[in-house]
Amino acid sequence: MKSPTVSNWLMNGATIVLTIVAIVLGVVRVRESLDTTDGRPEPIPTVVDDWRRYGNAARLGPADAPVTIVEFADFLCPFCRQAADDIREVRRRWPQDVAVVYRHLVVHPEARPAALAVECARAAGKFEQMHDALYEQPEAIGVKPWSQWALGAGVGDTLAFADCMSAPSTDAILVRDSLDARALRAPATPTFLINDKMYVGRLGEELMVRYVKDALRKAARR
């Protein structure tokens, strides 16, 4: 049997340190999910001056898009699943002007493997396919083998996918996102940044479109 390499020891050690830091800090205390479309007043946004720091993750859309939507979500959050349709409509309307960045805020422990799976699909160039499949079949999360999820998303090398699922570097992505959610003080899933404005809870298509239009107008004046 081969001895673990120094790099493996270092990677495992780094992940353990990150995980311990996350636990000590409490990672982030959040409500499981939040919907703002049930007749409540419109959400009051929080201005986030350093919003660009949260955009370094899985990205769909142009790198130079004037508007970036950053979403912190959980694959078993029902309002995140509904918000995926709202975001899909925004991307359809403004394919060159809006980019979406996906971040993990795992509230349900059962959703953690799904977050790992989507990152491993991302490594294989199939992020969007896995993202959509997970929201379309939430009842199969934790039931259907992950190799089948991978094949369904178009990931050809299921062995590499399985290795990625258990890699400390993949787990470190989830820890990093949780710590960023804490820094942002995201209190629920989903939480959105639309450029420098933070909104908590599912907005619904109408509000999402309106807030993106506002951000586009503001970006055009710069």
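Salt bridges come to 17 in a search of the whole structure, a salt bridge being a side-chain nitrogen of Lys or Arg within 4 Å of a carboxyl oxygen of Asp or Glu. The model is a predicted one: local features need pLDDT of at least 70, side-chain atom pairs count only at pLDDT 80 or more, and totals for chains, interfaces and linings use all residues. Residues are numbered from 1 along each chain as its sequence is written, and side-chain values use heavy atoms, with hydrogens and water left out.

Take glutamate 89 and arginine 92. Their closest N and O atoms are 2.7 Å apart in a salt bridge. The two are three residues apart in helix H2, so about one helical turn separates them. Helices (H or I, at least four residues) and strands (E, at least two) are DSSP runs, numbered from the N terminus. Glutamate 89 is buried because its relative accessible area is 15%, whereas arginine 92, at 57%, counts as exposed.

Next, arginine 112 forms a salt bridge with aspartate 171, with closest N and O atoms 2.4 Å apart. This pair links distant parts of the chain, arginine 112 being in helix H3 and aspartate 171 in helix H7 (residues 168–184), 59 residues apart. Arginine 112 has 36% relative accessible area and is partly exposed; aspartate 171, with 15%, is buried. There is also a network of salt bridges linking Asp50, Arg53, Arg103, Arg176, Asp177 and Asp180.

Now the cysteines. A disulfide is a pair of cysteine sulfur atoms within 2.5 Å, and the count by this rule is one. Which cysteines form the disulfide? They are cysteine 120 and cysteine 164, with sulfur atoms 2.2 Å apart. Cysteine 120 lies in helix H3 (residues 112–123) and cysteine 164 in helix H6 (residues 158–165), 44 residues apart. Both are buried. The torsion about their S-S bond is about -90°, so the disulfide is left-handed.

Last, the nonpolar cores. A nonpolar core is a set of buried Ala, Val, Leu, Ile, Met, Phe, Trp, Tyr and Cys residues joined through side-chain atoms within 4.5 Å. The largest has 50 residues, and Ile194 is among those with the most contacts inside it. A second, separate core of 15 residues includes Trp51 and Val70.

Technical notes: Buried < 20%, exposed > 50% of the residue type's maximum accessible area, 1.4 Å probe, protein only.
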